Amino acid sequence: IVVYNVLLGTMRAGRQWKVADEFAMEMVKEGVQLDNYTFSTLISCALQCKAPRDALAWFDRMAAAGIVPDEVTYSTMTLVYSRLGRFDEAVELYENLRLTGWKPDRVTYGSMVNVYARAGKYQKASALIKEMRDLGLKPDAVVYNTLIKFFAREGKTGQAKRVFKEMESYGIKASEFTLSLMIDVHGRSGNVAEAFSLFERMKEEKLPLDTAVYNSLLKMCGEERKVAEGERLITELLERGLKPDEMTYKSLVNLYAKEGRIDEAVKVMQEMIEVGCPIDVVVYSCLIKACGATKQFERAEKFFEEMLVSGNRAD
RNA sequence: CUGGGCGUAGCG
């Protein structure tokens, strides 16, 4: 069973939900006894792959198999309910467990911060962090990152900054995730200087830089029309041996298109095709919009037709 | 170090 679980773990890491799902079905057929590790791996894999319904289905199978969920499985389930928009059930699950006198661990607290923050209950999420501290559970960077993430998503830049400061004031070291998040936060609010200053900080602290950080900055450069900076970033990314992904290319197309530099945008698009990157409506609409802005209507028309031919539908 | 909470998606 351990071997099977390890294999499932690999599929989870590779975000291969269909594969994992079928593999687990096969396990059941072969009569392998699934355990809490199996189920929690499956459930979290489904969750990561945006298949929360499947996660629920496996939770039901778990009950049917008479396996009693442990803390890990339960805390994964609070996230499942939360992602399904069933906030009340997530909280209910947590509260019921607490009634049994069980003491949640750091990760469970982290999950609940996630649940509350997703539901927009920020005061409650913050209260949980305080509760952790009072209990001596030492909130870590991950808990704070969770909260920052939701503030970032909602465009609540000020709140995100506040949490970031609070975290540092407690002597919790910002991880590369934290700084990456904060770079994204500043990028979204057009705070170019702050974003780059945190980027410098990451370099000084020798934190690992990956494509995601560059993507955040590139996106910002697109919005803020900083083509030269954007080009510097892409060069640097390649020099570091990082691999541009779909988002990197999209940001680049946007960067050029926003400036009306359609030929360059098209060059990026061709490169996308070469490396097998899917071209979607977003890419085409960037180009079409750029044509509109530069009054090249016949060219816009051409892109539109090309889009339809390539199997994309106008949305 | 067999499993659970955090970063680049979403009104372009």
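A polar contact is defined here as a pair of N or O atoms within 3.5 Å; within protein, one atom must be able to donate a hydrogen and the other to accept it, and residues adjacent in sequence count only if both atoms are side-chain atoms. The structure is a predicted model, in which local features need pLDDT of at least 70 and side-chain atom pairs count only at pLDDT 80 or more, while totals for chains, interfaces and linings use all residues. Residues are numbered from 1 along each chain as its sequence is written, chains are lettered from A and ligands numbered from 1 in the order in which they are written, and side-chain values use heavy atoms, with hydrogens and water left out.

Helices are DSSP runs of H or I with at least four residues, numbered from the N terminus. Helix α15 covers residues 246–258, a run of 13 residues. From its first C-alpha to its last, α15 reaches 18 Å, close to the 18 Å expected at 1.5 Å a residue; the expected span is 1.5 Å times one less than the number of residues. At the start of α15, a side-chain oxygen of Asp245 comes to within 3.0 Å of the backbone nitrogen of Met247. Just after the helix, Gly260 has a positive phi of about 75°.

Residues are classed as buried under 20% relative accessible area, exposed over 50%, and partly exposed in between (1.4 Å probe, protein chains only). In α15, the buried residues are Thr248, Tyr249, Ser251, Leu252, Val253, Asn254, Leu255, Tyr256 and Ala257. Their cover includes α13 (211–223), α14 (227–239), α16 (262–274) and α17 (281–293).

Helix α17 contains Val283, which is buried at a relative accessible area of 1%. Leaving aside neighbours within four places in sequence, Val283 is in contact (heavy atoms within 4.5 Å) with Lys250, Val253, Met269 and Met272. The C-alpha atoms of Val283 and Tyr249 are separated by 9.2 Å, although the two residues are 34 residues apart along the chain.

A salt bridge is taken as a side-chain nitrogen of Lys or Arg within 4 Å of a carboxyl oxygen of Asp or Glu. A search of the whole structure gives 20 salt bridges.

Another salt bridge joins Glu131 to Arg98, with the closest N and O atoms 3.1 Å apart. Glu131 lies in helix α8 (residues 122–134) and Arg98 in helix α6 (residues 87–99), so the pair ties together parts that are 33 residues apart in sequence. Glu131 is partly exposed at 29% relative accessibility, and Arg98 is partly exposed at 24%. The side chains of Glu205 and Arg201 also meet in a salt bridge, at 2.9 Å from N to O, with Glu205 partly exposed at 31%. Salt bridges link Glu168, Lys173, Arg201 and Glu205 in a network.

Val2, in helix α1 (residues 2–13), is exposed, with a relative accessible area of 59%.

Key. Helices (H or I, at least four residues) and strands (E, at least two) are DSSP runs, numbered from the N terminus.
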